[in-house]
Amino acid sequence: MDPAFVQGLHDLLLQVTSADTLQVKDATAKLNLEYYKNPSCIVALATIMASSAATAVRQLAAVEMRKRVAQNNGSLWGQLPQSDREQIKEKLQEVVLADTDNLVRHSVARVMAAIANIEFPVGTWPQLLPFLHQTCVSPQVVHREVGVFILYTVLDNIVEGFKDHLQSFFKLFSQLLADPESIEVRITTVRAMGVIASYIDSDDKEDVKSFQQSLPAIMQVIGQCVETGNENGARQLFDVLETLLILEVPVLGKHIPELADFLLRLGANRLYETELRVLSLNALNWTIVYKKSKIQSNNLSGAILQGLMPITTEPEPEDIDDDAPSRSALRIIDGLATGLPPSQVFPPLRTLITEYFSSPDPNNRRGAMLALGICVEGCSEFMTPLLSAVWPVIEAGLRDSDAGVRKASCVAVCCLCEWLSDECVSRHEILVPGIMALINDQETQRSACTALDALLEILHDHIGIYLPAIMERLNALLASAPIAVKSVVIGAIGSAAHAAKESFLPYFQPTMEHLQHFLGLSNEGEEVELRGITVDCHRHIRGGRWQGRLWGRIRPYLANVIPPLLTSCSQVEQGEELSILEASSAFGTGADPQNAITIMDEKVDANGNDMVEIEDVDVEKMMDANSAIAVEKEIAADTLGTLFAATQLHFLPYVEQCAMQLIDLLPHYYEGIRKSATDSLLEIVRTFYELSDHPEWTAGLNYQPLPQTVKDLNEHALKALMEMYETEDNKSVVTTLCNSLAETINKIGPGFVDGHLEEISQMAMQILDQKAECQQDPDQDDEEEAPEDQAEYETVLISSAGDVVAAIANALGADFAPAFGAFYPLITKYYKKSRSLNERSSTIGCLAEIISGMKGAITPHTEPLLELCHKALSDPEADVLSNAAFAVGLLVENTDMDLTAQYLPLLGALRPLFNVQPDSASNVLNAKDNAAGAVARMMVRNIAAVPLDQVLPVLIGALPLRNDVLENRPVFRALFFLFRTNGAALHPYIGNLLPVFGHVLDPNQPDQIGDEIRAELIQLIGALNAEDPGAIQAAGLGVFVPGA
């Protein structure tokens, strides 16, 4: 090797390490031009790496040498003579042990890994493994640290070449995991094992068993890092643990209960550093997410909750974005509630909440209230029958002497309003005054405004008595409160407008003028959030059912609102000089060992490119800004569809731009934006169809084509939405997609699914079969049946898929018949006693809608459907009974099979549904209404099979229908049929029927019967008037007599 070549290269490397930017730039250019294209540069770099007195130069030489070796798949390395390559490999083994600097040793180790990547697979470096083993068992701790790091680095590059040696590695690792002197050896060993785990095959039983046996030692090393405050090591090891959790190979075996308990103990120990406790609890959260079936089968929820509750009582940071053990604990409770069957979560949690809320320590009461609020999302159906015991806790919390408990109670109210809205509305006389009182207290002002916002969102007709006081207080806060409070105040105003409808008109003009200012805010932080909330407020104000009266007032603002909404949707979510991708690569994703969360030894990545150093970036500030922007995007996306529905023709100039912007948001990383974009996009599709010159659709595959513009918009939307579904792993997003698709199919008909029918049908089948991407449990075998006891989120998703099937049946009519046989078993498997109320109810409801859509084509399936419906009519739950009655009526009405023999058993099964009281629960009254509709359909279909003397007193006694008023239509059709064919049977009941007629014709009530039945009813009143005008006048029906 020419000494001048080596010296010249050394001098340039030294120049690169200087602080002078110009010198660095000049030296880099010379290196690339004069040295790095020459294979001899590798030999020279090896010489410099071994001999330079400057540590920085030695490290840089190693970095550059690795890049040259790896360049173009080793082409430059391959051009060196074999003797040079052998000499370099031999020299590296000496240098990596001899250098006194840890960073240099690590860089040299990476050079060795790069060479091994080329030479080991072809068998030209047989000395490597013996050297590594010898180094790893060396009596010198520094050598062991270097040896295991080389092994980790080499494995990270070419583990495939070492698969035949795994058993010998496991024996070596078992020694290294217990290294008596060096935590670094133990940490790096765990990292190496994480790499190996990714390549173990499920069929390699011996390797799987060996790894499983190492898990207690791995946990011990994690515990050592946490106990000693070794944050860097802990981060690396928790990253390995996450890798192990997401693997499909069962490398964790039966250790999940042990692992969950271990992580919980780390997270609960207040002697450990806060950051490390959070990491431990986050790892527990991932364990619950990725090993859900093991958590469920071992029934670990109770023990985990028992350990989490004390953590929830710890102080919370002031900043909502700061993490803390208490917030991590609540996040885990949320994960348990939404991911596991509520029967495993709510009973033990309820016991703990009761215990903690009765404590004299306000921190315990606050923790109990937060736990109660956080569990509602996943346990709402399960806890509904138990609410009588929950409300006293909520009401006591709102009056608690401690401000922290009162604020936590406001959070709980928000959660209850979102998931149990009807129940909250029923308590408005207590909740509204209680929350208004807290708005007057500065300590609880913001939390109370947020709770008021949630309550107003659902209050609807009850808001009238509160609106003046609410608007007076909110307007005062809007003028004087800090920005943080203004944000929630504006949200509450939007909800007040949504609930108040026409009653909000006096407040509209001043409110719009006040809000216009906030749309122009552009600073970071709280102003970004305030602008986003203002956008949402506009959506609420414009989206009410009173939009017709309001349009004249909205129109001047439309051109000022849509451009900011589109700007919000298209904002770039990154810092000025750092993208999210760069930040995440600097952090490491934790998805695989190559992207582990590590402290970088070098400023280059594996390909030699400059890396962003995390220390140089204010990531916290960037992420805070991105969080606020993401929420604003979610609101803006949601608003676009609402605005189009409200403003109709005036929005048309913006349709294409808005639709394309929403499509661009479908792949967004934040699920809230994907949900809003999905819902809003399909609302635009539906509204655009309404405004088009379209023919009324008829069911079947032989349909009239849609207008080309509508078809084009449909195609753009469906293509993007189905692409999103293929990779969507969030159940709530897929649920939103299914719900919106079902609504859109029912609106537009078969033309909407043109070209996508098979794709949408397959989506529904996958979800019903629990094979969709969002339903995959990494810890469950493909052949293994999902457990029947499911999380409520899962049952809601299944129900939404059933809605899609019902919508397809409605759109295709008789042409759905070939598909019915494939869907039927997937739907009916959810009707068993062991299934949840929601599953049983939605199963029968779905089948009822399918029957309604298929009409007579359902005939071949009459017997199994009738058997299932008859079974459902003995269900203990009113929601199921209601759907069963509806389904039975539709089946009798539509099938061509003679069901005369079934009439008496069916009437007998329906009879108990009429046994209600005026103050019965709404779902019980709903079941009665559907039973009335079923009996009416049976009468029209075969009046001779109905014992009228027994049936009519019960049916007429159930009128007027007040809950499911749509069933008035079959009821009145039956009455008209009887008046025409057997009027004498009804004459004894005329006195009972006339008030019912007055009720359904009352112009002050919403329409209950439709134009066709109203016209026929008025004719009937005319005929009755001819027979007995006094009775008609006495009933107040004289105004409806034709010609009156």
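Tutor: Let's begin with a cut-off we will need: a residue counts as buried under 20% relative accessible area, as exposed over 50%, and as partly exposed in between. Keep in mind that this is a predicted model.

Student: Is His498 buried, partly exposed or exposed?
Tutor: His498 is part of helix H27, which covers residues 483-500. Its relative accessible area is 24%. Buried means under 20% and exposed means over 50%, so His498 is partly exposed.

Student: How many Å apart in space are His498 and His460, C-alpha to C-alpha?
Tutor: Along the sequence, His498 and His460 are separated by 38 residues. In space, their C-alpha to C-alpha distance is 7.7 Å.

Student: What about the whole chain: how many helices and strands are there?
Tutor: The chain has 1044 residues, and buried ones make up 56% of them. Among contacts with a separation of 6 or more, 72% are between residues 24 or more positions apart. As for the elements you asked about, the chain has 49 helices and 0 strands.

Student: In which helix is the confidence lowest?
Tutor: Averaged over the chain, the pLDDT is 87, and 89% of the residues score at least 70. Confidence is highest in helix H17 (residues 301-312), at 97. At the other end, with a mean of 34, is helix H31 (residues 580-587).

Student: Is Thr312 buried or exposed?
Tutor: Thr312 sits in helix H17. Among the residues Thr312 touches are Ala329, Leu330, Arg366 and Gly367. Its relative accessible area is 0%, and under 20% is the cut-off, so Thr312 is buried.

Student: How far apart in space are Thr312 and Ser326, C-alpha to C-alpha?
Tutor: Ser326 is one of the residues that Thr312 touches. The two are 14 residues apart in sequence. From C-alpha to C-alpha, Thr312 and Ser326 are separated by 4.4 Å.

Student: Are H18 and H20 roughly parallel or roughly antiparallel?
Tutor: The axes of H18 (residues 325-339) and H20 (residues 362-383) come within 7 Å and cross at roughly 25 degrees. Angles under 35 degrees count as roughly parallel. That is why H18 and H20 are described as roughly parallel.

Student: How many nonpolar residues are in the contact of H18 with H20?
Tutor: From H18, the contact includes Leu330 and Ile333, and from H20 it includes Leu370 and Ile374. The residues of this contact include 2 polar and 2 charged ones. The number of nonpolar residues is 8.

Student: Is the crossing of H11 and H13 left-handed or right-handed?
Tutor: H11 (residues 183-197) and H13 (residues 231-246) pack at about 20 degrees with their axes 9 Å apart, and the two are therefore roughly parallel. Their contact includes Ile187 and Val190 of H11 and Leu237 and Val240 of H13. While the crossing of H18 and H20 is right-handed, the crossing of H11 and H13 is left-handed.

Note on methods:
Residues numbered from 1 in each chain as written. Predicted model: local features only at pLDDT ≥ 70, side-chain atom pairs only at ≥ 80, totals over all residues. Heavy atoms only, no water. Axes fitted to C-alpha atoms, helices over the stretch in contact; angles between N-to-C directions. Helix = DSSP H or I, 4+ residues; strand = E, 2+ residues; numbered from the N terminus. Parallel < 35°, antiparallel > 145°, perpendicular 65-115°, else oblique. Left-handed = near helix turned anticlockwise from the far one by under 90°. Contact = heavy atoms within 4.5 Å. Nonpolar A, V, L, I, M, F, W, Y, C, P; charged D, E, K, R; others polar. pLDDT = per-residue confidence, 0-100. Buried < 20%, exposed > 50% of the residue type's maximum accessible area, 1.4 Å probe, protein only. Lists of a residue's contacts leave out its neighbours within four places in sequence.
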